[in-house]
Amino acid sequence: MKNFDVLIIGAGPAGIFTALEMLKKGSKKRIAIVEKGKAIENRSCPKSKTKKCMNCKPYCHITTGFSGAGAFSDGKLSLSCEVGGDLPSLIGEELAQETIGYTDNIYLEFGADEKIEGLDKIEETKDIRRRAIQANLKLVDCPIRHLGTEKAQIIYQSIENYLKDHGVEIYFNMVCHDLVMEDGACKGAVVRNLASHQEEEAFYAGHTVVAAGRKGADWLERLCGQHGILHMPGTVDIGVRVEVRNEIMEYVNNVLYESKLIGYPLPFKDKVRTFCQNPGGFVSQENYDNNLAVVNGHSYKDLKSQNTNLAILCSHNFTEPFNQPIAYAQKIGELTNMLGSGNILVQRYGDILGGKRTWQKELSRSNVKPTLPDAVAGDITAAMPYRAMTNIINFIQAVDHVVPGFASNETLLYSPELKFYSNRVKMTPEFDTNIKGLHCLGDSSGWTRGLMMASAMGVLMGRRLV
């Protein structure tokens, strides 16, 4: 049996910055982090050598391990509280923006690039916004600090070393199965070492912080139901990863680096948005524990492709009696995977409009060469719900007014692109749940989306626990 003052479940940005801020504020408390994956220096994806996904077991190294999916993503820090989830509605916009600035300085301390994208070309930004308004889209102003996939790993390696050097106990290859509940309060967690296959043991703590990331959203959802943790149905994002030639996106890439566009296309008027734009980037695959393969994208600081990729996501909000939004999105992903024999599907936009599947030989003739080499040419519309597909098609046509050529026949759409956010945990602005001693942070809590907002939430949690 082990006893700690603070036990953090998950070594993603929210958990990392909770411990980091406690140290920076001079805390002498005993802090432990339990992480299912490996230390960042031991994380590696074999796909760079095999050229195809090996479906690594017991987990995918891209999504699991120190720094979570952040270390192997494109590594972009959104510096506006308008982007990254709904945390501002819980703590207030002023505090959210102030904490983002503070957290950004910590990233700089650990080696982040000082350049901020999207600040200096004011007239060009106005021109893009004018075209967006004409297309009934909103351009969100959001300065971006681009870490880069390879540089992000170096930064998080430095943070990992700092935490270890200052006494934080990090337990890798350790999976959390349950919470320790006594008299209606959380007293810690039940864990097991995946590497040694040891029996489960209890880690006790005065405060337990669940920061399991997007990967742990469905796990936390089950805990909420099991232990009566108050929550409400959250949002799931269902969409596609779009890939075009850099020449199409060149103007927007140079001006903004990442253009965050939001629209409410007819006939359903659902919220549809762009997300995670990667100039000169690469489309990638992520695998979840239930063998679900989803598409993502990343970009390096130095290595560049001839393409730009970005996500188009449709937000789905559910009301009573339905309370399984994650399961709903997973079913869509599973059906898409089935059509691709376990692989990501890719289809040309023109083929979607023409009502036909895409064939591999047609991809080989196109100007746009897929940067995900093992994606299977097929028909994503056979699995995508009608409402979501209609939203995506109409949104792409609107973006074409802002970025001419975006809706070309050769534009590639990869599926499934799914973003899981846990049913939103009900908490106070101090991140207290209805269970004494239990706090929930980051994407798994349903309040944040992305690196910066999750990191900022961790900073505020760290201040509270000092």
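Analyst: Let's begin with the largest cavity: 13 residues line it, and Cys-45, Cys-53, Cys-56, Cys-60 and Asn-287 are the ones nearest its centre. Keep in mind that this is a predicted model, where local features need pLDDT of at least 70, side-chain atom pairs count only at pLDDT 80 or more, and totals for chains, interfaces and linings use all residues. Residues are numbered from 1 along each chain as its sequence is written, and side-chain values use heavy atoms, with hydrogens and water left out.

User: What makes a space a cavity, and what makes a residue part of its lining?

Analyst: On a 1 Å grid over the protein atoms alone, a cavity is a set of points where a 1.4 Å probe fits but cannot get out, and lining residues have an atom within 4 Å of a point. The structure has two cavities of 30 Å³ or more.

User: How do the residues lining the second largest cavity divide by class?

Analyst: Six are nonpolar, three polar and none charged. Ala, Val, Leu, Ile, Met, Phe, Trp, Tyr, Cys and Pro count as nonpolar, Asp, Glu, Lys and Arg as charged, and the others, Gly among them, as polar. The lining includes Met-249, Ser-259 and Phe-406.

User: Why is His-61 called buried?

Analyst: Buried means under 20% relative accessible area (1.4 Å probe, protein chains only). His-61 comes out at 13%, so His-61 is buried. His-61 sits in the loop between α2 (47–50) and β3 (76–78), and its contacts beyond four places in sequence are Lys-38, Arg-43, Ser-44, Cys-56 and Phe-72; contact means heavy atoms within 4.5 Å.

User: And Ser-67, buried or exposed?

Analyst: Ser-67 has a relative accessible area of 0%, so Ser-67 is buried too. Ser-67 is also in the loop between α2 and β3, and among the residues it touches are Ala-11, Ile-40 and Tyr-156.

User: At what angle do the axes of α4 and α13 cross, and how close do they come?

Analyst: The axes of α4 (residues 93–109) and α13 (residues 451–465) cross at roughly 100° and come within 9 Å. Angles of 65 to 115 degrees count as roughly perpendicular, so α4 is roughly perpendicular to α13. Their contact has eleven nonpolar, three polar and two charged residues.

How values were computed:
Axes fitted to C-alpha atoms, helices over the stretch in contact; angles between N-to-C directions. Helix = DSSP H or I, 4+ residues; strand = E, 2+ residues; numbered from the N terminus. Parallel < 35°, antiparallel > 145°, perpendicular 65-115°, else oblique. 1 Å grid on protein atoms, 1.4 Å probe; cavity = no way out; pocket = protein on both sides within 12 Å on 5 of 7 lines; lining within 4 Å. Points joined across faces, edges and corners; volume = space filled by probe spheres on them. Buried < 20%, exposed > 50% of the residue type's maximum accessible area, 1.4 Å probe, protein only.
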